[in-house]
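Subject: Handing over a structure, with notes

Dear colleague,

I am passing on a structure to you, and I would ask you to keep it open beside this email while you read the notes on it.

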Amino acid sequence: MPSNRLTYRRRSAYPTKSNKVRVIKTPGGALRYLHIKKQGTVPKCGDCGLKLSGIPAKRPREYASLSRPQKTVQRAYGGSRCGNCVRDRVTRAFLIEEQKIVKKVLKESQSKRR
């Protein structure tokens, strides 16, 4: 702390996470605290937890002012799941459908034998 004479400019008088400051010099030559906003975090994949590429790190309220193309990726589950997880989901769904078909064919062939 450079000077004991500086005081916080907001209600909270304690150095909490939301009350971070740095010292600036005003055009009049006085030293003053400048409150620093919290850094935003990158959205994470809901399945694996990896950071989603192509989506900026913002504070939650700042996403409201972004346009849709800036908040998502042009893909199924874009902006919610990463590409690898989407690929796994598609593959899993396909294999489950194939398995259902195989079961159906086996059931028909067993009924024809009897």
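The notes below go through what was found, one topic at a time.

Please bear in mind from the start that this is a predicted model, and that the values quoted here were computed from it.

Salt bridges

As background, side chains of opposite charge can pair when their charged atoms come close. In this model the count comes to 3 salt bridges. In one of them the side chains of Asp47 and Arg81 meet, with 3.1 Å from N to O. This pair links distant parts of the chain, since Asp47 is in the loop between strand 2 (31-35) and helix 1 (68-71), while Arg81 is in the loop between helix 1 and helix 2 (83-113), 34 residues apart.

Asp47 also meets the side chain of Arg89 in a salt bridge, again with a distance of 3.1 Å from N to O. Here too the pair links distant parts of the chain, with Arg89 in helix 2 and Asp47 in the loop between strand 2 and helix 1, 42 residues apart. Asp47, Arg81 and Arg89 are therefore to be read together, as they are linked in a network of salt bridges. As for how open two of these residues are, Asp47 counts as partly exposed at 40% relative accessibility, and Arg89 is partly exposed as well, with a relative accessible area of 25%.

Another salt bridge joins Glu97 to Lys100, where the closest N and O atoms are 3.5 Å apart. Both of these residues lie in helix 2, 3 residues apart, which is about one turn of the helix. Glu97 is partly exposed, with a relative accessible area of 42%.

Tyr77 is found in the loop between helix 1 and helix 2, and it is partly exposed, with a relative accessible area of 45%. Its backbone also deserves a look: most residues other than glycine have a negative phi, whereas phi of Tyr77 is near 65°, a positive value. On the subject of rings, the count of aromatic pairs in the model comes to 1.

How many disulfides does the structure hold? It holds 0. A disulfide is a covalent bond between the sulfur atoms of two cysteines, and the cut-off used here is a sulfur distance within 2.5 Å. The closest cysteine sulfur to that of Cys82 is in Cys85, 3.5 Å away, so the two are too far apart for a bond.

The nonpolar core

Cys82 and Cys85 both belong to the largest nonpolar core, which has 7 residues and also includes Cys45, Leu52, Ile55, Tyr63 and Leu66. Leu52 has its place in the loop between strand 2 and helix 1, and it is buried, with a relative accessible area of 6%. If residues up to four places away in sequence are not counted, Leu52 touches Val42, Pro43, Lys44, Cys45, Gly79, Ser80, Arg81 and Cys82. The C-alpha atoms of Leu52 and Val73, which are 21 residues apart along the chain, are separated by 9.2 Å. Leu66, another member of the core, touches Pro56, Lys58 and Lys71, again not counting residues up to four places away in sequence.

Two further places to look

Glu62 lies in the loop between strand 2 and helix 1 and counts as partly exposed at 34% relative accessibility. Glu62 and Gly40 are 22 residues apart in sequence, and their C-alpha atoms are 9.1 Å apart in space.

Tyr14, finally, has its place in the segment before strand 1 (21-25), and at 60% relative accessibility it counts as exposed. Leaving out residues up to four places away in sequence, Tyr14 touches Tyr8 and Asn19.

With best wishes

Technical notes: Residues are numbered from 1 along each chain as its sequence is written. This is a predicted model: local features need pLDDT of at least 70, side-chain atom pairs count only at pLDDT 80 or more; totals for chains, interfaces and linings use all residues. Side-chain values use heavy atoms; hydrogens and water are left out. Rings of Phe, Tyr and Trp (its six-membered ring) pair if their centres lie within 6.5 Å; planes under 30 degrees apart count as stacked, over 60 as edge-to-face and the rest as tilted. A nonpolar core is a set of buried Ala, Val, Leu, Ile, Met, Phe, Trp, Tyr and Cys residues joined through side-chain atoms within 4.5 Å. Buried means under 20% relative accessible area, exposed over 50%, partly exposed in between (1.4 Å probe, protein chains only). Contact means heavy atoms within 4.5 Å. A salt bridge is a side-chain nitrogen of Lys or Arg within 4 Å of a carboxyl oxygen of Asp or Glu. Helices (H or I, at least four residues) and strands (E, at least two) are DSSP runs, numbered from the N terminus.
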